[in-house]
Amino acid sequence: ILADTDVSSKKSSKGSLDRDIALSQLENEKRSSFIKAWEESKKSKVNNKAQKKLSAVATWEKTHTAKLEAKLKQLEDQLEHKKAEYAEKIKNEVALIRQEADEKRAVVEARQGEEFLKAEETAARYRATGQTPKKQLLGCCGC
């Protein structure tokens, strides 16, 4: 009987030990599962927070870039307008210079015509009177 009790007590203590080990493993798995779930939750929150901040940075970048591009476009338009104004001003000045040059040419041509007429009249008078001009055309010859 004693031997039966020892065997039974060994079996029962071995069963109890197996049961304790199984419960301990189950507790460890439960704890590990809980920790893993907590870790995933934290990682998810961190990821969501980072995505939100990245989105805010992208929005900020787009806003500021758009503002600067609009400012650049405005400056380009202003410069284009000023360029057109200056081009028109220069064209007008060129037209005035051409007009003034034409007037000066006309004056020179008119004087030339007057001097031709005067020379022709003087030559006609010399011919009519038979006189010779006092100035020599070829002053170097001494003829």
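These are my notes from looking through a predicted model of one protein chain.

**Ground rules.** I number residues from 1 along each chain as its sequence is written, and side-chain values use heavy atoms, with hydrogens and water left out. Since the model is predicted, local features need pLDDT of at least 70 and side-chain atom pairs count only at pLDDT 80 or more, while totals for chains, interfaces and linings use all residues.

**Confidence.** I checked pLDDT, the predictor's confidence in each residue, from 0 to 100. The chain averages 89, and 85% of the residues score at least 70. Where pLDDT is low, the predicted coordinates should not be read in detail.

**Overall layout.** How many helices and strands are there? I found 1 helix and 0 strands. Both are DSSP runs numbered from the N terminus: helices are H or I with at least four residues, strands are E with at least two. Helix α1 covers residues 2-129.

**Surface.** I looked up burial next (buried is under 20% relative accessible area, exposed over 50%, partly exposed in between, with a 1.4 Å probe and protein chains only). Buried residues make up 0% of the 143 residues. The chain exposes about 13900 Å², and carbon and sulfur atoms supply 58% of that. Areas come from the Shrake-Rupley method with a 1.4 Å probe; for residues, only the protein chains shown count as cover.

**A nonpolar patch.** Phe34, Ile35 and Trp38 form one on the surface, with about 380 Å² of accessible area together. Patch residues have over 30% relative accessible area and no salt bridge; nonpolar side chains (Val, Leu, Ile, Met, Phe, Trp, Tyr) are joined within 5 Å, like charges within 9 Å. I picked out isoleucine 35, which sits in helix α1. Its relative accessible area is 45%, so it is partly exposed.

**Salt bridges.** My search of the whole structure gave 4 of them, each a side-chain nitrogen of Lys or Arg within 4 Å of a carboxyl oxygen of Asp or Glu.

- Lysine 43 pairs with glutamate 39, their closest N and O atoms 3.2 Å apart. Both lie in helix α1, 4 residues apart, about one turn of the helix. Lysine 43 is partly exposed at 48%, and glutamate 39 is partly exposed at 34%.
- Glutamate 100 meets lysine 104 at 3.7 Å, N to O. These two are also in helix α1, 4 residues apart, about one turn. Glutamate 100 is partly exposed at 43%, whereas lysine 104 is exposed at 52%.
- Aspartate 102 bridges to arginine 105, with the closest N and O atoms 2.6 Å apart. Why about one helical turn between them? Because aspartate 102 and arginine 105 are 3 residues apart in helix α1. Aspartate 102 comes out partly exposed at 46%, and arginine 105 is partly exposed at 48%.
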